[in-house]
Structure formats: C-alpha cells, structure tokens
Amino acid sequence: MSTQTHVAVHAAPATELQLPKDNRVLGLWVFLAGECAFFASLIGTYLGLHTATLHGPTGQQIFDLPLTTIATLILLSSSLTVVLGVQAMQRRDARGMQIWLWITALLGLFFLEFQGYEFYTFYNSGLTLHTSAFGSAFFTLTGFHGLHVLFGVFWILLLLFQSVKHGINEERTSKVFVMSLYWHFVDVVWVVLFTLVYLAGKVG
Amino acid sequence: MAAIPERLVAVHSESRTYTGIWSWLATVDHKRIGIMYILAGLFFMAFGGAEALIIRLQLWAPNSHVVSAETFNQLFTMHGVTMIFLVAMPILIGFINAIVPLQIGARDVAFPRMNALSLWLFVLGGLFLYSSFLFGSMPDAGWFNNAPLSELAFSKGLGVDFYDIGLQISGFGTLMTGINFLVTILNMRAPGMRLLRMPLFTWSALITMLLILFAFPPITVNLILQMFDRLFGANFFVVGNGGSALLWQNLFWIFGHPEVYIVILPAFGIISEIIPVFAKKVLFGYESMAMALSVIAFLSFMVWTHHMFADGLGPVVNSLFAITSMLIAVPTGIKIFNWLATLWGGKIHFTSAMLYALSFIPLFVIGGVSGIMLAMAPADLQYNDSYFVVAHFHYVLFGGTLMGALAALYYWFPKMWGRMLNEKLGKWNFWLVFIGFNVTFFPMHISGLLGMPRRISTYAPGNGWTIWNQISTIGAFILLAGMLILLYNLIQTFLHPADAPADPWDGRALEWSLTSPAPEYNFAQTPLVRGRDAYWLEKREGDGKLQPAEPAGPIHMPSPSLAPLGIALTIVLAGYGAVLHSTIIGGLFLLLTFVQIGRALLAEDHGFHVTPHVGGEAQ
C-alpha cells in the first residue's frame with residue numbers, strides 16, 4: 001500500500017525534474033561545508049599565531065617530516081580502503097565490506113597512534129599548550145583533526161557492529177555511504193594541514 | 001546512491017505514544033517545535049526586557065545608584081546576549097519551523113529528530129547561561145565579549161565561562177537548524193515548487209540558513225579557543241605569551257556581521273509575505289527580491305572589520321571595508337523600493353499585522369541611514385562606542401527584527417494556534433510599541449552626538465545628556481505598557497476556543513490552504529504547485545483547491561522520541577562540569593552524550609502511518 005503510494009508520487013505529472021531525494025547524503029554535504037568554515041577558522045588562527053614561539057621550540061626544530069609523511073600515507077590509503085568497502089557493499093558483499101571497513105578503522109587507529117606519539121615527543125621537547133601561542137594553536141588545530149579521526153573510527157565500528165548483527169539493507173547502505181564521505185573529508189583536511197603546518201613549517 | 005524507498009510498516013508499529021506534557025517533550029513535529037521556540041523566545045524576552053528597564057532606571061538621573069557599576073556591566077551584557085541569541089534568533093527560527101514546511105508543501109523537515117535536538121539545545125543552553133546568576137557571576141564583558149578583556153586575567157568570575165560554553169551549546173543547535181532547513185528547502189519541495197516559485201519567506205529562510213552554516217563555525221572556534229585559554233591555560237588571546245589582541249574581534253565579527261543578517265533576513269521575508277496580502281497586490285519585483293537577499297548574504301561576509309574601524313588597522317583596510325559596507329545599501333534599497341511599489345495603488349487593509357509590517361519600512365530605513373553614516377570610517381571614529389551606535393542597532397534590530405517578528409505573530413497566529421489575536425488590542429499594542437520605541441531610541445541619536453559613551457553606568461550632570469536620557473526612560477515604560485497589552489492579548493486569546501478559519505486574510509501561499517491549525521501530517525495529499533503564489537493562483541484561476549500530486553492514502557510519520565531531549569540534557573550537564581572544573585562530571589556526561597549519539601546513529605525509525613480524515617483540508 002505504502003509502496004504503491006510512493007511510486008505514485010513519482011509518477012505524478014511533475015513539472016520539473018526533482019533532485020535526488022536522499023536527505024541524509026545532501027545533509028552530510030551541507031555539514032561538510034560548515035566543517036570547511038570550522039577548519040578554515042582554526043587554520044587561520046594557526047597561520048596568525050605560528051610565529052609566536054617565544055622561548056619555546058619552533059616547528060622547524062621539532063617537526064619530524066619522515067614520520068609525518070608515513071602517517072599521511074597511512075591516512076590517505078584509508079580513503080582507498082573505505083571506497084573498496086563501499087564498492088563491496090554495492091555488490092551486496094557484506095563480508096567484503098566488513099573486511100575493508102575493519103582495515104579502514106585500523107588505519108585510522110594507526111594514524112591516531114602516530115599523533116599520540118608525536119604529541120608525546122613534542123611535550124618532552126618542551127612544547128605544550130601553555131608554552132606559547134604557537135603551542136596552543138598547533139595542538140588545537142591538529143588535535144581537532146585527530147578528534148575528527150577518532151569520531152570517524154567510532155562511527156565505522158558502530159556501523160560494523162550493526163552490519164555484523166543485522167546485515168545490509170538499503171537504509172544502512174546510505175549510512176555507510178555517508179560515513180565514507182565524512183572519512184574522505186577528514187583525509188582531505190589532513191592534506192591541507194600536512195602542507196600548511198608541516199611542509200611550510202619545516203621550510204620556515 | 002539510489003533513493004531509499006520508504007519501508008512498509010504496519011499502522012502504529014513500534015512507536016511509543018506520549019500524552020500530555022510528554023507529548024511536547026518528545027515531539028518531532030515541526031509545528032510544535034516552532035511553537036516552543038516562540039514561547040521560549042518570549043520567555044527570555046521578559047528577562048532581556050527587565051534588564052533593559054533596570055538600565056533605563058539607572059540612567060534616569062546623573063550620579064545615580066540604582067545598581068552598582070559591576071551589576072550594570074552584567075545587565076547590559078546579558079541584555080545583549082539575551083536579545084540576540086535567546087530572543088531574536090529563536091523567535092524567527094520558530095516561525096521558520098512552523099511555516100516553511102507548509103509553504104513548500106512538505107510533511108515535515110528533513111531530519112525531525114535533529115530538529116527537536118536543535119530546540120532543546122537552545123532552550124537548555126539559554127537556561128544554562130542564566131543559571132550563572134545562581135553561581136553569583138553573570139557574563140559581564142559585553143555581548144561581543146572582547147578578548148583580552150574577557151580573559152582570566154581581567155574577568156576572574158565564572159561569568160565568561162558560562163558565556164563561552166552556553167553559546168557553544170545553543171550554537172550547535174542553531175548550526176543543526178541550518179543544515180536541517182537547507183536540506184528541507186532544497187530536497188523536500190512539492191512537485192512544481194521550483195526555487196523561483198517559493199514564497200519569499202521561504203527564500204529568506206534558505207538564505208538565512210546558508211549564513212548560519214558559514215557564520216556559526218567561526219564563533220564556535222572563537223568560543224573554543226577562549227575556553228582553552230580560560231580552562232586549560234592556552235595562550236590564544238594572552239598577548240604577553242604571543243597571543244593576539246585582534247584574533248577574537250576578527251573571528252567574532254566574521255560571525256557577528258552575518259549574524260545581524262541572520263536576524264534581519266527572515267524579517268525581510270515576513271514583510272514580503274504580509275504586504276502583498278494586505279495590499280491585495282502581487283509582490284513587485286519578485287526575482288529582484290530573491291536576488292537582493294542572496295547579494296546581501298554574500299556581501300555580509302565581507303564587511304566585518306567595520307566593527308573594528310577604531311582598532312587602527314590602517315586607511316587601506318578601513319576604506320575597503322567602508323566601501324563594501326556601503327554597497328549593502330544597494331540590495332537593501334532595492335527591497336525597500338519593491339515594498340513601496342507593492343503598496344502603490346493597492347487596496348490596503350490596516351490590520352495589526354499590516355501596521356507592524358508598514359512600520360518596519362520607515363524604522364528600518366532610519367537604521368539603515370545611520371548605518372551608512374557609521375560605515376564612513378573617518379566619521380565612525382567620532383560615533384564609535386557612543387549612544388549613536390546604540391540608537392542605530394536598535395532601529396535595525398528592534399525597528400526591523402522585532403517589528404517583523406510581531407507582524408508575523410499577528411499574521412500566522414491563526415495558522416499556528418487556531419485562534420485569532422484580538423485586533424483591537426492588537427492596535428493598542430502596535431501604537432504603544434511604535435510610539436514607545438521611537439521615544440526610547442530616537443533621543444539616543446542625540447545623546448550619542450552629544451558625546452555620551454555607551455555602556456557607562458552613570459554620568460555627571462552638565463553635559464546636556466540628562467534630558468535625553470529621561471525621555472528615553474519614559475519611552476521604555478511606554479514600550480513596557482505596549483508589551484503588557486500583547487501579553488494580555490495572548491492570555492485572552494488562549495482562553496477563547498480555537499475557531500479560526502483556514503484562510504482569514506485571503507492569503508497567497510500554501511499554508512492558508514490548510515486548516516487552522518494545520519493537521520499533524522500537514523497535507524493529506526502532497527499538492528501540485530502550478531505557479532508563484534500557489535494558493536492565490538488556485539483561488540483566482542482554479543476552483544480554489546490545490547491539485548493533488550499523489551492519490552490519497554496512509555501517510556508515513558516519524559515516531560516521537562525523548563532522545564533529543566536526553567542528548568541536550570547531558571551536553572548541558574557536561575557544560576557544568578567544564579565551568580566548575582570537574583573532570584569527573586564533565587567526562588561522565590560527555591561520555592553519556594556520545595553513547596546517546598551512537599544510539600541515534602544506529603537508530604532505525606520505522607515510524608507509523610496515519611490515515612487523513614476526509615475533509616482534513618480547508619474548503
């Protein structure tokens with residue numbers, strides 16, 4: 001009954017082509033636009049304050065480019081694995097999707113482990129939130145990116161849990177797709193941070 | 001991704017039903033959420049108004065001691081914060097909630113539960129802000145809370161912490177409203193409702209939501225940075241440790257200037273709805289009205305340093321921002337002339353709603369003209385931080401936003417509550433508010449030009465300021481009388497039975513095709529929109545009924561849920577943890593929040609179905 005009603009809506013003589021109707025996908029794109037403004041504000045703050053190192057260490061002194069590059073490669077390859085997961089899902093291959101999502105979550109965790117290690121070494125070399133405005137801006141900017149990765153990992157784990165328990169259906173398909181968009185966005189933000197914070201910071 | 005077909009579910013499956021007060025706390029219905037936004041906004045308006053009256057009493061005479069200077073700081077800070085964040089925005093968002101889905105022919109918003117979460121974050125965030133009173137320290141660094149003044153070294157109490165965290169909480173709610181309504185308006189229009197057929201109130205909502213989407217993240221970042229400074233010892237605004245004295249102002253006004261358009265564009269939309277209905281004419285220059293809204297929104301992000309002319313940023317920066325600021329007068333002028341052209345030759349009905357709408361035009365023009373005066377950077381150095389500025393922004397925010405909101409209240413009251421407000425009391429209400437407003441705020445232009453700085457708690461005699469302050473204070477009490485008549489009118493009306501006709505004003509947009517109040521499911525059959533002013537068109541050229549775009553049948557509805565209220569509650573409790581420096585309280589409730597968000601991410605709401613009664617629609 002309901003399905004018939006629904007089909008009839010689309011069969012009605014509409015005078016124009018309707019946009020795709022999945023609110024969740026458009027909602028996430030809109031959310032990401034807001035996230036762009038969020039990270040733009042944080043990045044602007046960092047660029048305004050990164051020279052205010054006072055007596056504390058500078059980025060040039062403490063950034064460890066080889067290590068950060070490896071972490072970047074790990075995070076970027078997780079964008080590939082999440083795509084493979086979504087493709088498996090589209091083939092209705094629940095097991096394939098679960099494997100790729102597990103790998104994605106693990107890569108995210110590796111990245112976070114790197115970030116924890118980096119924060120720890122910086123702390124030991126005398127850079128903290130209190131040291132200088134540079135320290136405040138650095139930890140806040142990269143920390144908020146890390147929180148986004150952490151939230152993404154939890155999101156993936158929740159969806160994995162659900163798909164193992166209940167399998168794939170159309171609503172859950174849309175949830176996984178939306179999560180993958182978020183995950184790509186977090187990766188793209190890291191590309192910007194890697195360039196503006198680490199590469200530009202090392203060059204000085 | 002393919003569109004997800006709606007799921008087949010039996011009638012009233014799984015969803016719990018709530019009754020009485022619980023049905024309001026658990027509601028996901030945009031109409032009820034709109035009503036609660038407006039009632040909460042009026043509730044906070046009583047606080048903001050009381051603060052204003054105490055301010056006016058204190059300034060009645062020179063060297064007065066009604067309140068101490070410290071209390072005075074808290075009063076003007078909370079007055080500003082309340083009126084902007086807890087009155088103007090929620091009341092306008094309330095009307096957007098209640099009306100926009102009806103105007104586009106939708107059954108609800110895109111994310112009904114998120115909509116409820118937005119409401120509860122605003123309500124609880126506002127109460128959180130006011131609870132600072134119980135901790136003996138309200139925010140006192142001005143509504144824009146400039147750092148470094150608001151840093152720990154200069155503002156030691158908990159007041160600024162309540163400001164930082166309270167505004168973050170209610171700001172999250174506003175941001176979610178922005179996402180929700182952008183998707184609703186873009187994705188859920190009825191067949192035939194093209195963008196350039198949407199009523200202008202819906203257009204103004206669309207543009208406002210875009211502003212919210214890009215303006216709220218910068219203020220959120222600003223509040224987070226200051227929270228880190230105050231709670232965790234970071235150095236963003238601590239100039240001695242390399243922090244910046246201008247960073248707060250930049251981030252605040254990148255948000256703050258779009259914010260003033262967030263609270264004026266919906267009022268523009270309201271006026272554009274009401275004037276054609278009561279002038280019995282088609283709105284003049286529809287496309288240019290929609291275009292002007294978009295241009296204003298675009299320019300509003302390029303004018304923020306006109307709030308910083310006195311900072312010494314240099315002549316190049318000041319000239320650039322003076323020019324962009326003055327440019328905004330062009331699209332705004334287009335709107336004013338279009339309203340006047342709509343009135344020209346019309347058969348004007350002077351209802352209370354129309355009186356408020358008409359008063360909007362001259363009052364907003366006065367505020368706009370003083371705005372142009374302030375936009376000239378060299379002249380601004382004279383007006384800066386004087387009562388002239390106070391007069392300017394009250395003419396745009398009270399004369400503009402609040403007059404628009406009151407017009408909307410009289411106009412849409414029957415559609416939201418099924419009752420008509422008393423027109424006779426409405427006219428008393430209007431004239432007292434109109435006269436009281438001008439008597440209060442016009443003299444502030446003069447006291448400002450005579451050199452009276454804003455935010456001083458008292459002044460010495462002999463400056464020529466006393467008489468103008470006394471006129472302002474008298475005006476404030478005329479305003480109070482006007483608002484008390486509104487309160488009396490509201491109480492009177494609620495005591496009457498709900499008997500409003502479906503279309504009392506001979507309206508033009510889709511909401512007037514529904515019963516008053518609209519049924520739970522809005523439209524028994526999704527309408528087919530055949531042109532601009534869709535309902536008017538059917539009344540003039542059709543048989544007065546909307547063409548259905550689908551056969552009649554059961555309607556799918558989202559289930560009510562207490563989860564949004566629960567999430568908002570734990571976020572606010574985590575806020576108390578942060579303010580009180582309690583890691584345990586903060587961490588515990590943050591964890592509970594994330595548990596609930598996780599549950600919400602996994603939730604699969606099967607909803608329920610209702611079968612509309614025959615004749616559920618008007619006529």
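Chain B and chain A bury about 4,700 Å² between them, and carbon and sulfur atoms give 67% of that area; buried area is the accessible area (1.4 Å probe) that two parts lose on being put together, summed over both. This is a predicted model, in which local features need pLDDT of at least 70 and side-chain atom pairs count only at pLDDT 80 or more, while totals for chains, interfaces and linings use all residues. Residues are numbered from 1 along each chain as its sequence is written, chains are lettered from A in the order in which they are written, and side-chain values use heavy atoms, without hydrogens and water.

**The interface**

- Chain B contributes 53 residues to the contact and chain A contributes 57 residues, where contact means heavy atoms within 4.5 Å.
- Between the two chains there are 10 residue pairs in polar contact, both residues being at pLDDT 80 or more.
- A polar contact is a pair of N or O atoms within 3.5 Å; within protein, one must be able to donate a hydrogen and the other to accept it, and residues adjacent in sequence count only if both atoms are side-chain atoms.
- On the side of chain B that touches chain A, α6(B) gives the most, with 10 residues; helices are DSSP runs (H or I, at least four residues), numbered from the N terminus.

**The nonpolar core**

- The largest nonpolar core has 238 residues, of which Phe138(A), Trp339(B) and Trp412(B) touch the most other members.
- Such a core is a set of buried Ala, Val, Leu, Ile, Met, Phe, Trp, Tyr and Cys residues joined through side-chain atoms within 4.5 Å, and buried means under 20% relative accessible area (1.4 Å probe, protein chains only).
- Beyond its neighbours within four places in sequence, Trp339(B) is in contact with residues including Phe268(B), Met289(B) and Phe360(B).

Key. Buried < 20%, exposed > 50% of the residue type's maximum accessible area, 1.4 Å probe, protein only. Helix = DSSP H or I, 4+ residues; strand = E, 2+ residues; numbered from the N terminus.
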